[in-house]
Amino acid sequence: MNQQNITQVHGSIQHFSVLLSPTPRGARLARLLAVEWMRDQEVPYGVTDSATQVVAELAANAATHGRVPGRSFRLAVVTHTGVLRVEVTDTQGEQLPRAKPADSEGESGRGLLLVEALADRWGVDRGPAPRKTVWAELDLPHR
């Protein structure tokens, strides 16, 4: 398995990153690994719960819409200065995601609306080509 697991401790920065296959199994593994890492870092439950849903949605989008055969997607989770940041990078840089009104009859299309509701901020960064990174930030409560 093409995996990378990095934990860095510099002041108040903790970082986790892993490469995963752009498949439903890879998306599920992203969620499970993120939950375990957040538990190890003692991220408060409410933030962990919301961040888990954000990871699930962004990883599912990478596995579905950002899929390029033979290319992995990267999940990164970082805590720094009162913020938990989730990043999912795939290799479909020309296809930028956007939240759109959900079709009440549709079976999909609500993922970014959910991210928008759960995260304090979210966005997309392009590059380097052919990549894009969809990120979401959740504020951490003061301890």
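## The nonpolar core and its surroundings

The largest nonpolar core has 30 residues, of which Leu58, Leu75 and Leu84 touch the most other members. Two or more residues come to this core from each of strand 2 (13-20), helix 1 (24-40), helix 2, strand 3 (73-80), strand 4 (83-90), helix 3 and strand 6. The most is given by helix 2, with eight residues. The model behind these values is a predicted one. In soluble globular proteins, nonpolar side chains tend to be buried together.

When residues up to four places away in sequence are not counted, leucine 75 touches Phe16, Ser17, Val18, Ala30, Ala34, Val55, Val86, Glu87 and Val88.

The protein as a whole contains three helices and six strands, arranged along the sequence as β-β-α-α-β-β-α-β-β. It has 143 residues, and 41% of them count as buried. Of the contacts between residues at least 6 apart in sequence, 62% join residues at least 24 apart.

Within helix 3 (residues 111-118), the residues Gly111, Leu112 and Val115 are buried. These residues lie on the same side of helix 3, because they cover an arc of only 90 degrees around its axis. The cover over the buried residues of helix 3 includes helix 2 (45-64), strand 5 and strand 6.

Strand 5 (residues 121-126) and strand 6 run antiparallel and are joined by six bridges. Opposite valine 124 stands valine 134 in strand 6. The two strands, strand 5 and strand 6, form a hairpin with five residues between them, and glycine 127 in the turn has a positive phi of about 90 degrees.

## Two residues in detail

Threonine 133 belongs to strand 6 (residues 132-139). Its relative accessibility is 11%, and threonine 133 therefore counts as buried, the limit being under 20%. The contacts of threonine 133, leaving aside neighbours within four places in sequence, are Arg74, Glu87, Val88, Thr89, Gly123, Val124 and Asp125. With one of these residues, threonine 89, the side chain of threonine 133 makes a polar contact of 2.7 Å.

Aspartate 120 is placed in the loop between helix 3 and strand 5. Is aspartate 120 buried or partly exposed? Aspartate 120 counts as partly exposed because its relative accessibility is 45%, a value that falls between the limits of 20% and 50%. Apart from neighbours within four places in sequence, aspartate 120 is in contact with Glu137, Leu138 and Asp139. A polar atom of the aspartate 120 side chain lies 2.6 Å from the backbone nitrogen of aspartate 139.

The distances given for these two residues are set out below.

| Pair | What is compared | Distance |
|---|---|---|
| Threonine 133 and threonine 89 | Side chains, polar contact | 2.7 Å |
| Aspartate 120 and aspartate 139 | Side-chain polar atom to backbone nitrogen | 2.6 Å |
| Aspartate 120 and alanine 136 | C-alpha to C-alpha | 7.5 Å |

Note on methods
Residues numbered from 1 in each chain as written. Predicted model: local features only at pLDDT ≥ 70, side-chain atom pairs only at ≥ 80, totals over all residues. Heavy atoms only, no water. Helix = DSSP H or I, 4+ residues; strand = E, 2+ residues; numbered from the N terminus. Buried < 20%, exposed > 50% of the residue type's maximum accessible area, 1.4 Å probe, protein only. Polar contact = N/O pair within 3.5 Å; in protein donor to acceptor, adjacent residues only side chain to side chain. Contact = heavy atoms within 4.5 Å. Pairing = 2+ DSSP bridges. Arc of directions from axis to C-beta. Core = buried A, V, L, I, M, F, W, Y, C linked by side-chain atoms within 4.5 Å.
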